[in-house]
Amino acid sequence: MLIEVGAIVLALGLLMTVAYRGLPVIVFAPLCALLAAALSGMPLLPAYTELFMTGVAGFVRAFFPLFLLGAVFGKLMDSSGSAAAIAAAMIRAMGPRHAIPAVVLAGAVLTYGGVSLFVVAFAVYPLGAALFRVADIPKRLLPAAIALGAFTFTMDALPGTPQVQNIIPTRFFGTDAYAAPLTGLIGGAIVLFGGLFWLERRRARAALIGEGYGTGHRNEPAARSADRLPSLGAAVVPLLVVLAVNFILSRTAWSVETWYAEAALLRDFPETRPQDAASTWAVIVALSAGILATLGLNIGRMKDSVSSSLSAAAAGSLPAIFNTASEVGFGTVIKTLPGFEIVRSMVLDVSRHVLISQAVAVNVLAAITGSASGGLSIALEVMGRQALDAAQDQGISPELLHRIASMASGGMDTLPHNGAVITLLAITGLTHRQSYPDIFVITLIKTAAVFLLAAAASALAG
């Protein structure tokens, strides 16, 4: 038993180590998975072609449209200046005195509006860096501020967010993006204010010892001319379009679930269940509408850059999804190993309350894969049906299962090998050693909030 579990721990530790050192996860994820397979006595080539690649292909098949459309929408918001206009307006309104909340809220607005969190980091960084420099706040705190705004409560806690981590549970629990809104709002508030408290405390401590923005930083951004930005109203409209269309197609009589006769779908697409696919369809339409709104409002400003923006977005979506899919492939191999059954039993037996055991399971798998969406997908594929049955026995709604699972995916996923963390540090020109400790504290706050909510909901359910 020790050897079987040790193979998984060794593979995970190696993957985290290479990520911490800045090596490409997409290359090392299959190597680490095959190391675990070899130590467990599994044939290597079948493990690679039949397990690892099956996991990769399945994730790409299910979620590539969301990654692609999210990247296109985000890139057009960026190249049109809309993202910068929104961030600049918020930062201008709050000023250098409130530099950290301004950066956090700018990222939050963009993420909740449907802009890919990878793109949010690109859009907010130049303005955040300028504001931190004026306020003389250490640049090493900037990645944690961006992460708090883009990678936490707006990614998976707030009801209706179109990010993929909020859509994955809909396929397993028959819910929609607005599941358990009160729980999501409470959890989001805990994460937001807890994270701001930590970052402000760190800023104050740095000020006491005379630490300022610092010098000699890499990737310092060039300022963007304000006269080339659209008006705030024009910049906000595409975000509102995404949110409105997603709500209409998810929660009203015009729901996308009613667009096609179920009998016709069963005849032509026998494996498709409208109630399972509806949330994904709604986000696809919503992001498409946001793209058209962005183009319509900014076509004069963008007429020379539309082609290059679309090409850059398409190219940019590929590393994002394949990094995540590679981590899903790693998890797909791990979950077939004998040691995983031991880990799985320990996770399921950690509590008799399904919300707590599910939060543990999703956190563990998100940590193993280094991916919120990857860990969530694997956890629900392996344990989703069992969790739903247990929730029914305990009088817990599928909506609560959805919200706890979604929020848990954004907990321990941000270990050093997480693709979004690696990308964020590359954008800001900082290292794990400089900035990761504060990102990790934000991760701990997020994880604590999930377990607090799961325990409270379990207690109320009896």
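The expected span of a helix is 1.5 Å times one less than its number of residues. Helices here (H or I, at least four residues) are DSSP runs, numbered from the N terminus. This is a predicted model, in which local features need pLDDT of at least 70, side-chain atom pairs count only at pLDDT 80 or more, and totals for chains, interfaces and linings use all residues. Residues are numbered from 1 along each chain as its sequence is written, and side-chain values use heavy atoms, with hydrogens and water left out.

**Helix α4**

Helix α4 covers residues 82–94. Its 13 residues should span 18 Å at 1.5 Å a residue, and the end C-alpha atoms are 19 Å apart, so the two values agree. Which residues of α4 are buried? They are S82, A83, A84, A85, I86, A87, A88, A89 and I91. Buried means under 20% relative accessible area, with exposed over 50% and partly exposed in between (1.4 Å probe, protein chains only). Just after α4, G95 takes a positive phi of about 80°.

**Helix pairs**

Axes are lines fitted to C-alpha atoms, for helices over the stretch in contact, and angles run from 0 to 180 degrees between N-to-C directions. Angles under 35 degrees count as roughly parallel, over 145 as roughly antiparallel, 65 to 115 as roughly perpendicular and the rest as oblique.

| Helix pair | Axes come within | Crossing angle |
|---|---|---|
| α3 (residues 44–79) and α15 (residues 306–334) | 6 Å | roughly 150° |
| α11 (residues 181–208) and α21 (residues 432–461) | 9 Å | roughly 150° |
| α7 (residues 142–150) and α11 | 10 Å | roughly 170° |

Take α3 and α15 first. They are therefore roughly antiparallel to each other. α3 passes α15 in a right-handed crossing. A crossing is right-handed if the near helix is turned clockwise from the far one by less than a right angle, and left-handed if anticlockwise. By class, the contact of α3 with α15 has 25 nonpolar, 8 polar and 1 charged residues. Ala, Val, Leu, Ile, Met, Phe, Trp, Tyr, Cys and Pro count as nonpolar, Asp, Glu, Lys and Arg as charged, and the others, Gly among them, as polar.

Next come α11 and α21, whose axes cross at roughly 150°. That makes α11 roughly antiparallel to α21. α11 passes α21 in a right-handed crossing. On the α11 side, the contact includes W198 and R202; on the α21 side, it includes D438 and K446. By class there are 11 nonpolar, 4 polar and 3 charged residues in this contact. Contact means heavy atoms within 4.5 Å.

Helix α7 also packs against α11, with axes that cross at roughly 170°. α7 is therefore roughly antiparallel to α11. A144, A145 and L148 in α7 meet V191, L192, G195, L196 and L199 in α11. The α7 contact with α11 has 7 nonpolar, 1 polar and no charged residues.

**Single residues**

T111 lies in helix α5. Is T111 buried or exposed? T111 is buried, with a relative accessible area of 0%. Beyond four places in sequence, T111 touches V120, G149, A150, T154, M155, T161, P162 and Q163.

G114 is in the loop between α5 (99–112) and α6 (117–135). G114 is buried too, at a relative accessible area of 6%. Leaving aside neighbours within four places in sequence, G114 is in contact with F73, P162, Q163, V242 and L287. G114 and L240 are 126 residues apart in sequence, yet 9.4 Å apart in space, C-alpha to C-alpha.

A277 is found in helix α14 (residues 274–302). At 7% relative accessibility, A277 counts as buried. A277 and Q434 are 157 residues apart along the chain, and their C-alpha atoms are separated by 42 Å.

Methods
Helix = DSSP H or I, 4+ residues; strand = E, 2+ residues; numbered from the N terminus.
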